[in-house]
Amino acid sequence: MHSPPADSSGGPNDLVVEIIETLETCGLEDDGYQLHDYVDIDALEQLLASSDGDIAVQFTVEGIPLEVSPDGVDVIVEDESECVNE
């Protein structure tokens, strides 16, 4: 599963929205967690912006493993049934 890359005007808010939308596709409601408890969005955005594009950051939110890169947000799925759009 892959979300489209953030808008080129992107900033931390675009990244937050993309992460939240990705988590919602896996059934996690946005009021069920505090994203800042899992990742520093400002630091993540700075890291992605300063890279040459060959970087990916992995972290887990409420048991859902994510990989964030300059190309977008992906769910790391080992078993196809772990995250299915219903």
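Mentor: Two strands are said to pair if DSSP finds at least two bridges between them. Strands (E, at least two residues) and helices (H or I, at least four) are DSSP runs, numbered from the N terminus. The model is predicted: local features need pLDDT of at least 70 and side-chain atom pairs count only at pLDDT 80 or more, while totals for chains, interfaces and linings use all residues. Residues are numbered from 1 along each chain as its sequence is written, and side-chain values use heavy atoms, with hydrogens and water left out.

On these terms, the chain has two helices and three strands, arranged along the sequence as α-α-β-β-β. The three strands form an open sheet in the order β1-β2-β3, with antiparallel pairing. Its edge strands are β1 (57-61) and β3, each of which pairs on one side only. On average, neighbouring strands of the sheet are turned by 30 degrees against each other, direction ignored; the axes behind this angle are lines fitted to C-alpha atoms, for helices over the stretch in contact, and angles run from 0 to 180 degrees between N-to-C directions.

Consider each pairing in turn. Five bridges link β1 and β2 in the antiparallel sense, and Gln58 stands opposite Glu67 in β2. Strand β2 (residues 64-69) is joined to β3 by four bridges, again antiparallel, and here Glu67 stands opposite Asp74 in β3. Two residues lie between β2 and β3, which form a hairpin.

The strand β3 (residues 72-75) deserves attention. In a regular strand the side chains alternate between the two faces of the sheet. From β3, Gly72 and Asp74 point one way, Val73 and Val75 point the other way, and all are buried, meaning under 20% relative accessible area, with exposed being over 50% and partly exposed in between (1.4 Å probe, protein chains only).

Leaving aside neighbours within four places in sequence, Leu44 is in contact (heavy atoms within 4.5 Å) with residues including Leu15, Ile19, Phe59 and Val68.
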